[in-house]
Amino acid sequence: MKATVSRYRMLAFDDKVAVAVSGGKDSVAMLHVLARLERKQPNAKLVAVTVDEGIAGYRDEALAIAAENAEKLGVPHSVVSFKELFGVTLDEIVARRKKIASAGVTSCAVCGVLRRRALNLAARKLGADKLVTAHTLDDEVQTVLLNIFHGDVWRLAKEKPFTDFVHEKFVRRIKPFCEVPERESALYALVRGVRFQSCRCPYASEALRNDVRGMLNRLEEKHAGIKFTIFSSIERIRPALELTAKEEGLGECRDCGEPSTMRVCRTCQLLKEFGKVQ
Ligand code: SF4
């Protein structure tokens with residue numbers, strides 16, 4: 001991980017870093033690694049942020065685990081919820097499942113958009129210079145294929161290990177585990193005896209990502225190293241991809257004022273359709 005952090009120049013010695021901790025193995029392992037690094041950097045500050053999407057029977061345990069790990073490490077921890085930010089929980093949105101299905105989106109797609117917004121708002125409020133997410137090599141390669149399957153060249157170009165400065169309201173995101181296989185982050189958590197949540201989100205099986213994950217795992221078993229090859233290939237062709245993605249100007253959403261490439265951002269569109277308007 002250290003090589004990835006220095007290659008992409010992800011961290012500065014005096015950064016205030018917000019780390020997104022869901023309570024799962026990857027994010028908890030990330031919190032432990034960063035807390036160790038922070039101790040060697042007296043001018044750096046680390047804070048943990050957990051998003052409570054409002055998923056009954058699942059998120060409560062994760063919140064407790066995230067809080068327990070943060071407390072053990074002496075890292076300040078804040079929780080932001082969909083209910084408080086958007087006036088609606090994910091369970092309430094999913095209850096309108098028929099409407100979601102007819103609009104051709106999955107629970108995970110809605111959740112992902114709202115969670116990204118929630119994390120950015122929380123990191124900005126905390127005055128963070130960087131927002132760390134614990135996406136592993138597996139997550140990154142899945143996202144590459146999903147962006148290709150969705151024909152989303154803009155995201156393919158822009159979703160990189162260290163996002164560019166594009167707007168003052170966007171906290172730059174870094175993914176220090178982007179070259180670390182998921183198995184290794186799990187091993188780290190197990191070896192260090194870290195408690196993490198192992199049960200799956202009840203909505204997880206709906207996502208196309210699951211099929212992509214299964215396909216990549218089968219390929220990796222037969223052709224070791226294929227995930228890393230896909231990751232490296234995209235990194236190499238990214239400069240060319242970015243030339244095509246430059247066209248989309250970033251402005252501010254007409255309704256909420258957050259950065260968006262559209263007149264009305266995706267968060268406001270989804271909330272208008274499935275939830276309470278902000
Ligand atoms: Fe949200 Fe889907 Fe993850 Fe559940 S599995 S927390 S619905 S993105």
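**Aromatic pairs, nonpolar cores and a helix crossing**

In this predicted model, 2 aromatic pairs are found. One of them joins Phe 82 and Phe 86. A pair of aromatic rings is described by the distance of the centres and the angle of the planes. For Phe 82 and Phe 86, the ring centres lie 5.5 Å apart and the planes meet at 65°; planes over 60 degrees apart count as edge-to-face, so the pair falls in that class. Both residues belong to helix α4 (residues 82-86), where a spacing of 4 residues separates them by about one helical turn. Phe 82 has a relative accessibility of 0% and therefore counts as buried. Phe 86, at 2% relative accessibility, counts as buried too.

The nonpolar interior comes next. In soluble globular proteins, nonpolar side chains tend to be buried together. Here, the largest nonpolar core comprises 35 residues, and Val 19, Leu 31 and Leu 46 have the most contacts inside it. Two or more residues each come from β1 (16-20), α2 (25-39), β2 (45-52), α3 (59-73), α8 (137-149) and α11 (208-222). The greatest share is that of α2, which supplies 7 residues. Once residues up to four places away in sequence are set aside, Leu 46 touches Val 17, Val 19, Leu 31, Leu 34, Ala 35, Glu 38, Val 75 and Pro 76.

Two packed helices are described by the angle between their axes and the distance between the axes. The axes of α7 (residues 107-125) and α13 (residues 266-274) come within 10 Å and cross at roughly 125°. An angle of this kind lies between the roughly perpendicular range, 65 to 115 degrees, and the roughly antiparallel range, over 145, so α7 is oblique to α13. The crossing of the two helices is left-handed.

The loop between β7 (259-260) and α13 contains Arg 263. With a relative accessibility of 62%, Arg 263 counts as exposed, because the cut-off for that class is over 50%. Apart from neighbours within four places in sequence, Arg 263 is in contact with Glu 252, Cys 253 and Arg 254. Between Arg 263 and Asn 210, the separation is 53 residues in sequence and 32 Å in space, C-alpha to C-alpha.

Terms used: Residues numbered from 1 in each chain as written. Predicted model: local features only at pLDDT ≥ 70, side-chain atom pairs only at ≥ 80, totals over all residues. Heavy atoms only, no water. Core = buried A, V, L, I, M, F, W, Y, C linked by side-chain atoms within 4.5 Å. Buried < 20%, exposed > 50% of the residue type's maximum accessible area, 1.4 Å probe, protein only. Contact = heavy atoms within 4.5 Å. Phe/Tyr/Trp six-rings, centres within 6.5 Å; stacked < 30°, edge-to-face > 60°. Axes fitted to C-alpha atoms, helices over the stretch in contact; angles between N-to-C directions. Parallel < 35°, antiparallel > 145°, perpendicular 65-115°, else oblique. Left-handed = near helix turned anticlockwise from the far one by under 90°.
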